[in-house]
Amino acid sequence: MSVPQANPTERPILRCTGVVAGHDGLAVVNGLDLTVGAGEVVALLGANGVGKTTTLLTISGLIPLLGGSIELQGRDLEASRGKRIGSSKGSARSKQVLSRARLGIAHVPEDRALFFDLTVQENLRLGLKRKKDRKHESLASDRVPSQVEDGTNQAEQQLSSSEILDQVLGYFPALTGLLDQPAGLLSGGQQQMLAIGRGLMSQPKLLMVDELSLGLAPILVEQLLPVLRTFAQTTGAGVLIVEQHVHLALAVSDRAYLLRRGKATLSGSSAALSADPDLVEAGYFGE
Amino acid sequence: MIGEYSGFILAGLGGGAVVAALALGLVLTNRATGVINFAFGAMGMYVAFAYFQFRDNGDLILPVIFVPSRIHLLETPTLFTALLMAVFLSAALGAATYWLVFRPLRRAPALASVVASLGLMLYLQEVVRLNFPTGSAATVVRMGVLPERPVRFLGTAVTANRLLLVVFVVLATVALTALFRYTKFGLQTRAAAGSQKGAMLVGISPDRIGLINSMIATVIAGIAVILIEPISGLDPITTSLLVLPALAAALLGGLSSFTIATCAGLGIGMLQSLILGYTVKPSTSWIPDWVPRTGLQQAVPVILVLIALVWRGDALPDRAYLVDKRLPSSPTPRHVALWTLLLVGATSVALLGFDAPHRQALIVTMVSALLALSIVVITGYVGQISLAQLAFAGVAGFTVINVANDGLPFPLAALVATLVATAVGVVVALPAARVRGMSLAIATLAMAVALEQLVLSSKGFSGGVAGRSAPRPVLFGADFGISARGADNFRPIFGFLVLGVLTVSCLMVANLRRNRTGLRWLAVRSNERAAAAAGINVARSKIGAFAVSSCIAGLAGVLLAYSTSTLSTNSFMVIGALVALALTYLGGIASIGGALIAGLLAQAGLFTLVANGGTDGKAGTYVFAISGLGLIVMAIFAPDGITGAVRQGAQRLQMSLRMSGQPPQQTALAGSGPGAGSGLGAGAGPAEGEPDHE
């Protein structure tokens, strides 16, 4: 049951316009435009240090946005910040992250940020949204019906927590037998599954995965990446991945952006990009 | 046989219960916020003072200075309203300390939160001393909460309040365990302790978790201290120091198990009571006379902590934080010759020109600076939080008196004493090879308590409360004594002796910092594993640094012994060690200049004298309260201390002068490091600063 994606940019899940972001007030990302459509997997490519991870951190709110705008389903994420643009004050920052997580952004960071002392089941349960947020969400989508959301998504929001858990375990059957294991005892691949699974538990509108392949065997990566594809297609959510393995990323994604010096210097359908390897290479190594 | 002592064991239940309650609170705050709060006993102590005041006349006294602190709330307070007030007050205190002190420090290194909680402890003790009628002027009738009639328990008479206290603590333990195991809030707390980033990404607010848990913890502590008052009494200092046995109990539970912490707390209380009961019996004459009986009672639990710490090794694993922890910067000493000339010159002029009171303050300043220098070496350069430095000084101080009185001439006696202190320092360093960070702070604190209670309080070694006097230091017929017969007090020549020792020590430390030893130390400080991977023998570096540092502390102790007419144990109380660490942090814990400033700020040092003179002695009243607040503020806003703040100010000035002269350089693209590595690279000049990027 694939979702029609006639024009993914028409009402995108995520739209970044002229994003400026970086650490300690120094811009790493400088004027990035990027969209992720409903049901779409988008890859963010580029050499080390061009700002791929910074982009994800900025979208989830872990580091401040220094300029430009980020919209989730047409809603400006920084609208509530008032005059505090680029505020890096601890409390304002943590509020940003919390409100975005509740709005439906799930971020699987590079280090996976798992709760090692807790069991797999507890980790997954923590991924669940609060009931209040889940209810609020279904009301909101009632008011703004859209072609993407009325089908599958609507039904999902009424799932009970155990049904959501079953669904996530459906994506990662390997976790089923490990539910009572502490997360810290899992292998690298199992940890990555758990990290993504925890993100999926929140039934996100946007799932961001940073360096899924980091430290994993290639065969495992080839099993995990298609899960993201399936998730996007069945739920109509957007998926944004950062990946060092260009060919793997292009194989699984619909579109890709190539970052250079904090800007998207190249973008297009993944099929077109993988047909022209020289173009991508040029993006990495300069003209 | 058991029956003989069962009375003592059961009597210890009361003290054990309050230790257990504080331990519960420590475990709870640690699990929720990762902080070990040395001020926890002081917080309970303040709540109890406020409770008894309120119960007496309906006045609520707030922990504030300079503004009116007394609010008359009720005409006729009842037991119920007073307890209600105490619950609200302790919850508010827990919330305030979390929000104002520990939340801003949650990404700071362990040292910063140790220092901030010491500041909080000092502040609360002083506020209670200033705001509440205490001591002989007490007008408050303290009405106990629990019935004190004796009941029979297991065939032994014990007062009901002791048993009820135990019931309270056990109920609290069960409730907390259930909260953590079965509720969503408990799960979220455990999650936030594991990974703050992960918690935020799944929508858990670490602030909310920390706030609520701090409130619960403080309520438990406050109620327990209120309930224990009829049994143990209430005193700003001794009650605050209940945190030590509580830490012992909490550590035995790995700072995570409520049940073990409670059992250990009760056990420590009963053990202390049993030791007390056993040692006062005439039949226990096998214990040699030089062992202080009360010391044994205090030291035993502390020794237990040490064993637990060394045995567990990694009892307190570091938590995963959002941002790398930034250590105080430790710049390479520069222009050493120039600074030496300037400071030695100025001090010499001052020694000759000052009148006696100022000369005395200057000598105190120099001796305190020497002690602070030992802390700079071990804590600032190597990152090992040591609270035993003052105890090393004490060991050296009494050793020099004892060997000199036995006839060893002056420089040899001083040398022997310094070597003894160094040896003790190396022994203390042995567990440090296994224990680090906050655990080491507690281990060294435990060592300091053990040294104070068993060695420094021993009549045979120190003369007990009366103290002992050192013979005059005479070298080749020249008398270096601090006072001569007659009016000539605080003689300059003793000042020059101190100045000489201080100068040589500072130069030695500057030299160590500049050569490979210093680099090795800084490497160990910033990451022990990386240092080991780079071929540095971490254990050897630590032990070497402890040796250097305890040697300097020993020198300070020797000079202290020669500078006072009688040296007594009171100079080396644990609270003094906490103040010394705090002042050094205030001055700048990782630089020699910081040690000198710490000396200036020391009690009875030049700064207090001058401040007292300018304010008709009023500064003396508030000096501890203000330094307590100052510590908290510095720990949060200026981890590099006063010297660091001055250095940064100078650099900024230098940069703005340079910027106005020439167009700003393009450095925006190069900058990416979040300032984490500044430990080694500090003082690199304007290139490291932040260019105005708009």
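In chain A, A:Val42 stands opposite A:Leu240 in S8(A). Strand S3 (residues 41-46) of chain A and strand S8 (residues 238-242) of chain A run parallel and are joined by 4 bridges; strands count as paired if DSSP finds at least two bridges between them. Strands (E, at least two residues) and helices (H or I, at least four) are DSSP runs, numbered from the N terminus. This is a predicted model, in which local features need pLDDT of at least 70, side-chain atom pairs count only at pLDDT 80 or more, and totals for chains, interfaces and linings use all residues. Residues are numbered from 1 along each chain as its sequence is written, while chains are lettered from A and ligands numbered from 1 in the order in which they are written.

S3 and S8 of chain A belong to an open sheet of 6 strands with mixed pairing, in the order S6-S7-S8-S3-S9-S10. Its edge strands, S6 (105-108) and S10 (263-269) of chain A, each pair on one side only. Helix H8 (residues 218-235) of chain A lies across S3, S7 and S8 of chain A, contact meaning C-beta atoms, placed from the backbone, within 7 Å. H8 runs at about 155° to S8(A); angles run from 0 to 180 degrees between N-to-C directions, and axes are lines fitted to C-alpha atoms, for helices over the stretch in contact.

Elsewhere in chain A, strand S1 (residues 14-23) and strand S2 (residues 26-36) pair in the antiparallel sense over 8 bridges. A:Ala21 stands opposite A:Val29 in S2(A). The hairpin has 2 residues between the strands, and A:Asp24 takes a positive phi near 50° there.

Definitions and conventions:
Contact = placed C-beta atoms within 7 Å.
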